[in-house]
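My notes follow in the order I made them.

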Amino acid sequence: MKIPFDPRRRRAVVNPDGTMSIVEHLYELRTRLLWSLFAIVLTSIVGFWWYSHGPFGLPSTGHLLTGPYCDLPATSRAAITRDGECRLLATGVFDQFNLRLKVAVATGVLMACPVWLYQIWAFIVPALHRNEKRYTATFVALGGILFISGAVLGYLMITSAFNFFLSVGNETQVTALQGPDYFSFVLNVMAIFGISFELPLFIIALNLVGVLKYAKLKQWRRGLLLSMFIFAAFLTPTGDPFTMLTLGAALAVLLELSIQFARWNDNRRRRKNGDDAWEGELDDETASPAPSAPQPVGASASPGSGTVGPATPVGQPEKLMRTSIPRSGFDDVL
């Protein structure tokens, strides 16, 4: 089918029934990405200035990020300045500028998280019902809080990891870290923690649009909880068990909260739309309906009729083979 196209507007024409074509969705995605990029550029300019200036009495981002290293005892880090002030080592010509630019972009992404989270949600919203679009403000607020909370937790984990790893064996050696390597490590940990904290929120979003139901989440709960710890083990760059367990436990708690939200939302939707709104699934507190009267095996009469037809003979039971039993993809995990 040929999709109508307007060259003056450089976009596909919306169908008369209000639906959007694939080309229209692609143009909308491009617009959302451009708005997100524009917001990140503006906040990155602020982050570039914030790197060496502390606004409103706040410490600069350069001072904040070097905190885990500079808080170490003086005997555990090298003094490379004459006055003994804590500084990182730069060995390249462009290390100073590249480092400041990298921190500025990371700060911009963190500050612009409400904007790009809103753009993600606005791209999903057309699939929702009108009464479900009111969750926009809640989604953006929770997404920003979770992303910032994850980044802060990652920063605290770096402090704890440094106190252990860089203080062991300081009797025979001293640590002198290069600026690019150190800041890349700190920013990666904070980004991993921040993005990981968004995973339960996307589970809630999929439940709101009707893609992921509580029944499936309940069936997959053990496998999902185990995958949170495996996910934390693979993505944690520090490698210490304390940081991996902390991230895995935090993700497990958030996952369980998202599962309970899906349970509440499905029950609410079922009570509002009827018992068969979710393919006939019943509430946990609702018993299955029992027949009004027992029926003999092979009875052909309907439940409402007063007569019962003659019973038909029952055939030999089919022999079940191991290969004939349906298996779920999660049997090996659960």
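Entry 1. I began with the contacts of Gly 143. Setting aside residues within four places in sequence, I found Gly 143 in contact with Leu 117, Glu 198 and Leu 201. I note that this is a predicted model. I placed Gly 143 in helix α6, which covers residues 136–165. I then looked up its accessibility: Gly 143 counts as buried because its relative accessibility is 0%, and the cut-off for buried is under 20%. I also checked Cys 113, which is 30 residues from Gly 143 in sequence, with a C-alpha to C-alpha distance of 7.9 Å.

Entry 2. I turned to the nonpolar cores. The largest has 43 residues, and I listed Leu 65, Tyr 69, Phe 162, Tyr 182, Phe 183 and Phe 197 as those with the most contacts inside it. Helices that each supply at least two residues of this core include α4 (95–111), α6, α7 (179–196) and α11 (241–273). I found a second, separate core of seven residues, among them Ala 39, Ala 112, Cys 113 and Trp 116. I recall that nonpolar side chains tend to be buried together in soluble globular proteins.

Entry 3. I went on to Ser 258, in helix α11. Ser 258 counts as buried, since its relative accessibility is 2%. Not counting residues up to four places away in sequence, Ser 258 touches Pro 200, Ile 203 and Ile 204.

Conventions:
Residues numbered from 1 in each chain as written. Predicted model: local features only at pLDDT ≥ 70, side-chain atom pairs only at ≥ 80, totals over all residues. Heavy atoms only, no water. Helix = DSSP H or I, 4+ residues; strand = E, 2+ residues; numbered from the N terminus. Buried < 20%, exposed > 50% of the residue type's maximum accessible area, 1.4 Å probe, protein only. Contact = heavy atoms within 4.5 Å. Core = buried A, V, L, I, M, F, W, Y, C linked by side-chain atoms within 4.5 Å.
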